[in-house]
Amino acid sequence: MTDRRVVVTGMGAVSAYGRGVQAFWEGTLDGRSAARPITAFDTAPFRSGLGAPVPESVGLAPGVQVQRAAVGEEAAFYACLAVAEALEAAGLDPEQSDADPGIGCVVATLCAGARNLERIERAYQTGVDEAALAALPDDETTLVDYQLRVLCERFGLLGPSTLISTACASGTDALGWGFDQVRLGACDALVVAGGDIISEVIHGGFNSVFSITQTRPRPFDRDRNGFVIGEGAGALVIETLERAQARKAKIWAEVLGYGLSNSAYHLTAPSKDGSGESLAMRRALATAGVGLDEVDFVNAHGTATSHNDRSEVLALASIFADRAPEISITSIKSMIGHCMGAAGLMEAISTVMSVNTGQIPPTINFEQPDDINTFQVVGNTARRRTIRAAMSNSFGFAGHNSCVVIGAPPAAAHLET
Amino acid sequence: MQTVVITAVGAVNARSMDWDSFGEADGSAPSFAPWPADAWSPGEGAIIGSLSGVDRGRYMSTMDQRAADKVTAMTVLAAGQALEAAGLWRDGATTVSGDEIATIIGTSRPEFGGFNKFGLPVISGNVGRINPVLFPYMARSVACGQVCITFKLRGYSTNMAAGPLSGVHAIARAWDLLRTGRCEVALAGGTECLSKASLRYSARRYAAASLTGAPSYFGGEAGKPVPAEGATVLVLETLESARRRSREPLARVTGAAIGRYRSGTEISEAAEAFARRTLPACGLSWEQVGVVSSGVAGTDRPSDQRETALLEWMADRRGHAPVVTACRSLTGDAEAASSVLQAAVAAAALSQGSVLPTANVSPRARLNVARGREAVRRDGALVTGFDGAGAYACLGLAAA
């Protein structure tokens, strides 16, 4: 396509462990479960009341430049915190940038605004007076692109910008869009970000289709029975290798390629044989120019539902065949829950950290392997290994599948930093 | 890089249930429906551009028809029309491998309808009445997914949701995938549906707007807003693919520009950036633009004012006044669906050498607006969209 290479120079995160990439990374490496009973609303009517919410303390710490009330919507607030951290880590201030066009932005989300929409709808259903209506969140905060507008305006991101909403595939999908913008020269640097939240309606929805566990999330375990919904936000700064080297930025990893597909099978269920999902992975490997023998690690979608884990393993097996036992696989959803639109971004951050540090967080609650899975599940304890190339998968409702391939920082870049 | 062309259109909207019928539109004002009294009507005279009688059975299975909501049904219908018109759907199957056809849909507001339909039992405290079949219809990407399921399309697939300009975002995404060789054929579309929640939002947003008279285009005065629904889908493919399949392209995509101006930017500064950055990214110079398919919606909203002012600035200072048309005058404002319809109108103008008219043109309009079907130069066409908060999404087309 072009010879512009795309690297990661900054990351930010908000997770069920709290604020910051450090808290997120250390929490997952330690194998700490963030699953706990949801207290934000009454979960008694639902089959399961478990989730992995962001602690209330996030945003209350001293030095937080972004105020929750000023943003007006929870997921956008988390995304602002993550983007602020990512830009600072990358050493970038878009307001000071003289790049033309400026730094771009792509947002990924599934249900940002849903909590505000619930409040508004509930008020209209019960019947309230004008005074009560006036106290409700602004209608603008319920719009799907509100988060994009907030981030672009707050951080001065004037380059190419869009929002991708392909349910739980959104985050990885968005990283692919951003990759293309930088590779094709639409901009030299771009922020990929997104936040998602637990809302009562979404929790009810996943409960209604029996996707939420009543015990604990156990990806790839023979007795797995679902996930918990998580909350959080992720942000990555990506830019050309040339630009990163010129300004002596720390380079964490290289984004090598991505692939998308649609399973064209069912609006909620994955394909039975993994063939739809495997198309996204094959396309990712092809655009990355990475050979099958170079992939050492898969950061799985790994929701721990019976069908998803099976189709993902079948898809991977169809690609890697006899190499499966040599490839490590893990699902951090076992610890931080399923953060929906933000999941792909948080998992991309985790993959970048794995590639950079040679450490892979575990899949906790893993006791009995599934017979069909011959991959090396990193069960319960983190593992060290050198990773040449890693894949991160995300699949979503309506058949959307996305996969990104991440590699080690370019050799020369290592020497520069 | 591959050359990318538009080879077919499918469109359902308040004016017509297929693209061919829409292409026969004259400049007369369409018959819009009264804003439903039980849906937050802003007042006497409020109107909407709604659809009825969407043919669900033409392409979808019986089972899928039962569950599908309106936005899904409209999108499948428009996609099917486009595929058939392109010779890609025949006898219940695609004529090329579905694995090679990408599906990119843009949308701004469908979650309002899906959210209420599924979420009402939760919101009203009747959790026992939740219908799990309705849960996926809360996802913004469900229309895109149903298109893929119905036509068995397993290519690159994504859903853009960047507000009213999402349709152009979808076309730009498809253009990138095609020109880089990731696929040879792509559906690029926009879809929007009206619902009580979306009408409530519109009513609150238009609270101060004039509801008398008619929408008024390009004059800067307060015009009547017309929230509308619909779906428009284009078939884009590489020129190689079109030639191999003996399809005559409507137009060639020359470029796309998606970005933002800083909030509060003066019109002169915005126009300078438009000329320096946006037009070149669209692959056109101002002088090459024979027709502008504008995103103006006939109101005095900041987005309409911004776009009108920018076009006037360019015409005045560059000594060249392309023919301008606004398809929302014929259908109402169906946001992402309308932005793809803009591209379809522009492509058709280049193909036919004449452009569809704009209804309800303001007597104060200074632009060279098409008041009837007018002949246009076939050098190039520009699709423009500005959201009033600084975001823009523009597309360049040229004769194939």
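R182(B) forms a salt bridge with D180(A), and their closest N and O atoms are 2.9 Å apart; a salt bridge here is a side-chain nitrogen of Lys or Arg within 4 Å of a carboxyl oxygen of Asp or Glu. R182(B) sits in the loop between α6 and β8 (185–192) of chain B, while D180(A) belongs to helix α7 of chain A, so the pair joins two chains. Helices (H or I, at least four residues) and strands (E, at least two) are DSSP runs, numbered from the N terminus. This is a predicted model, in which local features need pLDDT of at least 70 and side-chain atom pairs count only at pLDDT 80 or more, while totals for chains, interfaces and linings use all residues. Residues are numbered from 1 along each chain as its sequence is written, chains are lettered from A in the order in which they are written, and side-chain values use heavy atoms, with hydrogens and water left out.

**Where the chains meet**

- Chain A and chain B bury about 5,600 Å² between them, 59% of it on carbon and sulfur atoms; buried area is the accessible area (1.4 Å probe) that two parts lose on being put together, summed over both.
- In chain A, L158(A), V201(A) and L267(A) lose the most area to chain B, together 11% of what that side buries.
- The contact (heavy atoms within 4.5 Å) takes 74 residues from chain A and 60 residues from chain B.

- Over all chains, the count comes to 39 salt bridges, and three salt bridges are found across the interface of chain A and chain B.
- E121(A) also forms a salt bridge with R200(B), with the closest N and O atoms 2.9 Å apart.
- Among the elements that give two or more residues to the side of chain A that touches chain B are α4 (114–126), α7 (170–183) and β10 (253–262) of chain A.
- α4(A) gives the most to that side, with eight residues.

**Helix pairs inside chain B**

- Helix α9 (residues 267–281) and helix α10 (residues 302–318) of chain B pack at an angle of about 75 degrees, with their axes 10 Å apart. Axes are lines fitted to C-alpha atoms, for helices over the stretch in contact, and angles run from 0 to 180 degrees between N-to-C directions.
- α9(B) and α10(B) are therefore roughly perpendicular to each other; angles under 35 degrees count as roughly parallel, over 145 as roughly antiparallel, 65 to 115 as roughly perpendicular and the rest as oblique.
- F274(B) of α9(B) and W313(B) of α10(B) are among the residues that make this contact.
- The axes of helix α6 (residues 166–179) and helix α12 (residues 335–352) of chain B come within 6 Å and cross at roughly 55 degrees, which makes α6(B) oblique to α12(B).
- S166(B), G167(B), V168(B) and I171(B) in α6(B) meet A336(B), S339(B), V340(B) and A343(B) in α12(B).

**A helix pair inside chain A**

- Helix α1 (residues 21–29) and helix α13 (residues 343–357) of chain A have axes that come within 11 Å and cross at roughly 75 degrees.
- α1(A) and α13(A) are therefore roughly perpendicular to each other.
- V21(A), F24(A) and W25(A) supply the α1(A) part of the contact.
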